[in-house]
Amino acid sequence: MAQSDLASLILVTRGQNGVATITINRPKSLNSLTRPMMVRMAREIKALAVDDSVQVIILTGSGRSFCSGVDLTSAEDVFKGDVKDVETDPVAQMELCKKPIIGAINGFAVTAGFEIALACDILVASKGAKFMDTHARFGIFPSWGLSQKLPRIIGAGRAREASLTAMPITAEQAEKWGLVNYVVDESELLKKAQDIAEAIIKNNQDLVLRYKAVLNDGLKLDLGHALSLEKERAYDYYNGMTKEQFKKMQEFIAGRSAKPSSKL
């Protein structure tokens, strides 16, 4: 497949406000992923991760689906290909990305599409969105984290039901269970994602990157080790700060304190 064709299937736009948007753009196939699309998506995420003009990434799909999973007509090419290669694995690149990734889930997020959603840091869903794990239905073994991430988010019993029955989780259920942060009208989906991105960008970007890392790394540990990790990184952060940085912090805090009407 020509690079120009791939570019039309994985669209990337960089806004002037520091927000980049990746759109999976194969609506006639409900945004199912071929191997070349996965490789391109991985490379685009890696490129955005080191682009200094980008501070937050929004990931979405075109049409009535976020992503319906792997195109099963090319399943063997995907599952027996070099899927263990981190460089060409979009979920691996999402997990390596230090910048916040917001998933704007329109319509269906199915199997691999569900796993891509779970690799986002924050999820916003449209009211008609549905999350489905159809690995058991089609005889596909999960390899992008669904079997381990989902029970940690919504609870083991709910995850077992969703994965073993392949029944959909509605957007409303997903919000109630803590899987998604917001459910909005489809017309408001990208605006809500942009609003969250802009709120992130207003903050100290060095701390945003460090905070995302300690949150995500800590979730992989038991509470005791996670608390130790936080202490260790806090000490490293403060020990690395200069007198000028402490002075700027104090000036910033003093400036906000002088404005009682300001909102946090």
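**Notes on strands, helices, cysteines and pockets**

1. Strand S2 is covered on both of its faces: Val19, Thr21 and Thr23 are buried on one side, and Ala20, Ile22 and Ile24 are buried on the other. The model under discussion is a predicted one. Six of the six residues of S2, which spans residues 19-24, are buried, so the strand is largely enclosed by the rest of the structure.

2. One partner of S2 is strand S1 (residues 10-14), and the two strands pair in the antiparallel sense over five bridges. Val12 stands opposite Ile22 of S2, and Thr13 stands opposite Thr21 of S2. The hairpin formed by S1 and S2 has four residues between the strands, and Gly18 adopts a positive phi near 90 degrees there.

3. S2 also pairs with strand S3 (residues 56-61), here in the parallel sense and over six bridges. Thr23 stands opposite Thr60 in S3. Strands of a sheet pair through backbone hydrogen bonds, either parallel or antiparallel.

4. The next point concerns a sheet of four strands. This sheet is open, has the order S4-S6-S8-S9 and shows mixed pairing. Its edge strands are S4 (65-67) and S9 (169-170), each of which pairs on one side only. Strand S6 (residues 108-110) runs parallel to strand S8 (residues 130-132), and three bridges join them. Val110 has Met132 in S8 as its bridge partner.

5. Among the buried residues of H2 are Arg35, Met37, Met38, Val39 and Arg40. Others that are buried in this helix include Met41, Ala42, Glu44, Ile45 and Leu48.

6. The cysteines deserve a separate remark. A search of the whole structure finds zero disulfides. Cys97 is in no disulfide, and the nearest cysteine sulfur, that of Cys120, is 10 Å away. Cys120 is likewise in no disulfide, with the sulfur of Cys97 as the nearest cysteine sulfur at 10 Å. Cys97 counts as buried because its relative accessibility is 2%, and Cys120 is buried with a relative accessible area of 10%.

7. The largest pocket holds about 2000 Å³ of space. It is lined by 50 residues, and those nearest its centre are Val208, Tyr211, Lys212, Ala213 and Leu215. The elements that give two or more residues to this lining include helix H4 (90-96), helix H5 (112-118), strand S7 (122-126) and helix H7 (146-154). Also among them are helix H10 (189-201), helix H11 (205-218), helix H12 (223-239) and helix H13 (243-257). H11 gives the most, with ten residues. By residue class, the lining of the largest pocket divides into 29 nonpolar, eight polar and 13 charged residues.

8. The second largest pocket has a volume of about 510 Å³. Of the 17 residues that line this second pocket, Arg210, Tyr211, Val214, Glu230 and Arg233 are the closest to its centre. H11 and H12 each supply at least two residues of this lining. Which element provides the largest share of the lining of the second largest pocket? That share, nine residues, comes from H12. The lining of the second largest pocket consists of twelve nonpolar residues, one polar residue and four charged residues.

9. Is Glu95 buried or partly exposed? With a relative accessible area of 46%, Glu95 is partly exposed. The C-alpha atoms of Glu95 and Lys212 are separated by 11 Å, although the two residues are 117 residues apart along the chain.

Technical notes. Residues are numbered from 1 along each chain as its sequence is written. This is a predicted model: local features need pLDDT of at least 70, side-chain atom pairs count only at pLDDT 80 or more; totals for chains, interfaces and linings use all residues. Side-chain values use heavy atoms; hydrogens and water are left out. A disulfide is a pair of cysteine sulfur atoms within 2.5 Å. Buried means under 20% relative accessible area, exposed over 50%, partly exposed in between (1.4 Å probe, protein chains only). On a 1 Å grid over the protein atoms alone, a cavity is a set of points where a 1.4 Å probe fits but cannot get out, and a pocket is an open set with protein on both sides within 12 Å along at least five of seven lines; lining residues have an atom within 4 Å of a point. Grid points are joined across faces, edges and corners, and a volume is the space filled by probe spheres set on the points. Ala, Val, Leu, Ile, Met, Phe, Trp, Tyr, Cys and Pro count as nonpolar, Asp, Glu, Lys and Arg as charged, and the others, Gly among them, as polar. Two strands pair if DSSP finds at least two bridges between them.
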